[in-house]
Amino acid sequence: QPELVHVHDWQAGLVPLLIRHERERAGWGTAPKTCLTIHNLAYQGVFSRSAYALTNLPSDYFHEDGVEFHGLMNCLKAGICYADLITTVSPRYAREIMTEAFGCGLDGTLRQRQHLLVGILNGVDSEEWNTTQNPFLKSSFSLRNPGGKGIEKRSLQQEMGLLQAPDIPLFGNISRLVDQKGSDLLLGALEEMLAAKMQFVLLGSGSPVLEKAFQNLARRHPDKVAARIGYDHPLSHRIEAGCDFYLMPSRFEPCGLNQMYSLRYGTIPIVRATGGLDDSIIDQVVRVFLPRPGQSDTESTGSLRRTAVNPAVPKERDVGGVFLGTNHGGISRCLPPDIGRALSAAEPRAMCASPSADSY
């Protein structure tokens, strides 16, 4: 018999409740302890009240301090309320989800259970994400032997149909194309950034509207922008290896992995100071100041022209700041001022769906 049952997200959120019920009411005295890990609080598994009958549990669990959520059944809330331990994927995200801005309606429940809540930063599979023995790359490179990165850049430019030029800054983004990832904000920033000497490569899929918008951007700027819609794991390695900078303007980010891949591949990640991005990018060399809190997306995008790049390492980090990380001993590079002015995003906010009778 296991000593611990570790479950993940709303799909298994009812398991801690089922085990708790067996332990306390059905005489399973040696029932295992339970741990729930929340990877993204925005996805909660909300169903109609009638679906609760399918659990075969008594109705006295269906209340405000149990599985009930605005008259509906919330599977993730069940896990939060009945697990013996709750973890999430970064320390800062653990703090953020206890606030109204990022709590997706469950911040009060999480504050009540905060003594059981722990944030543990995700890690990277260093055997797969490496630059010295990688079947997806044409050359190997390292901090001591960085020449292969230039080869990867030229190879990526050729593969994506861009001008092969080592002196043009090459930016990349690999992402689900959704509001949470700031894909719409990235589009707005790119419209201004492309006035400068630069290139941009995208790999991702998601919202049909955003997919079409990035494809249209690539058609209008064929020498500067390449957009590959879909999933391509080998290409994701080549983008991380070939780019100079990686853009990650997430509105919120429980942890994120690509910024860590970028650090290993000598690609400078430009991220928003939120969630695991703030926990993992700690060696900043350039700071891009964001608009004032409370500005709308439109106002924020419009303020790009007024945003200045400060090459000094910031002594304090404001919520919502965007930072340029280094690869911990790698080559520190500064953004051209015209591109730096164009990099910004809206004030971070949680993109949480309203309660619904359908599963998220």
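## The chain and its confidence

In this predicted model, the secondary structure amounts to twelve helices and 15 strands. Of the 360 residues in the chain, 54% are buried.

The average pLDDT of the chain is 82, and 78% of the residues score at least 70.

Helix H1, which runs over residues 14–25, has twelve residues, and the distance from its first C-alpha to its last is 16 Å, close to the 16 Å expected at 1.5 Å a residue. Its buried residues are Leu-14, Pro-16, Leu-17, Ile-19, Arg-20, His-21 and Arg-23, and the elements that cover them include strand S1 (4–8), strand S2 (33–38) and helix H2 (75–82). After H1 comes Gly-27, with a positive phi near 80 degrees.

Helix H5, over residues 147–159, has 13 residues that should span 18 Å at 1.5 Å a residue, and the 19 Å between its end C-alpha atoms agrees with this. In H5 the buried residues are Gly-148, Lys-149, Glu-152, Lys-153, Ser-155, Leu-156 and Gln-157; strands S8 and S9 and helix H8 are included in what covers them. H5 is followed by Gly-161, which has a positive phi near 75 degrees.

## The largest pocket

The elements named as cover for H5, namely S8, S9 and H8, return in the lining of the largest pocket. This pocket has a volume of about 620 Å³, and of the 28 residues that line it, Ile-174, Ser-175, Arg-176, Lys-181 and Asn-258 are the closest to its centre. At least two lining residues each are supplied by strand S8 (170–177), strand S9 (199–206), helix H8 (233–242), strand S11 (245–248) and helix H9 (258–264), and the largest share, four residues, comes from S8. By residue type, the lining divides into twelve nonpolar, twelve polar and four charged residues.

## Individual residues

Phe-200 lies in strand S9, one of the strands that contribute to the pocket lining. Because its relative accessible area is 0%, Phe-200 is classed as buried. Leaving aside residues up to four places away in sequence, Phe-200 touches Leu-162, Leu-170, Phe-171, Gly-172, Asn-173, Leu-186, Leu-190, Phe-214, Lys-224, Val-225, Ala-226 and Leu-247.

Leu-4 is found in strand S1, which is also among the elements that cover the buried residues of H1. With residues up to four places away in sequence not counted, Leu-4 touches Pro-32, Lys-33, Thr-34 and Cys-35.

Asn-56 sits in the loop between strand S3 (46–47) and strand S4 (68–69). Because its relative accessible area is 70%, above the 50% cut-off, Asn-56 counts as exposed.

| Residue pair | Separation in sequence | C-alpha to C-alpha distance |
|---|---|---|
| Phe-200 and Phe-171 | 29 residues | 4.7 Å |
| Leu-4 and Ala-31 | 27 residues | 8.8 Å |
| Asn-56 and Leu-18 | 38 residues | 9.6 Å |

Two further residues concern the backbone. Asp-9 is not a glycine, although its phi is positive at about 60 degrees, and its place is in the loop between S1 and H1. Asp-9 counts as buried because its relative accessibility is 16%, which is under the 20% cut-off. Cys-104, likewise a residue other than glycine, has a positive phi near 50 degrees, and its place is in the loop between helix H3 (91–96) and helix H4 (107–112). With a relative accessibility of 11%, Cys-104 also counts as buried.

Technical notes. Residues are numbered from 1 along each chain as its sequence is written. This is a predicted model: local features need pLDDT of at least 70, side-chain atom pairs count only at pLDDT 80 or more; totals for chains, interfaces and linings use all residues. Side-chain values use heavy atoms; hydrogens and water are left out. On a 1 Å grid over the protein atoms alone, a cavity is a set of points where a 1.4 Å probe fits but cannot get out, and a pocket is an open set with protein on both sides within 12 Å along at least five of seven lines; lining residues have an atom within 4 Å of a point. Grid points are joined across faces, edges and corners, and a volume is the space filled by probe spheres set on the points. Ala, Val, Leu, Ile, Met, Phe, Trp, Tyr, Cys and Pro count as nonpolar, Asp, Glu, Lys and Arg as charged, and the others, Gly among them, as polar. The expected span of a helix is 1.5 Å times one less than its number of residues. Buried means under 20% relative accessible area, exposed over 50%, partly exposed in between (1.4 Å probe, protein chains only). Contact means heavy atoms within 4.5 Å. pLDDT is the predictor's confidence in each residue, from 0 to 100.
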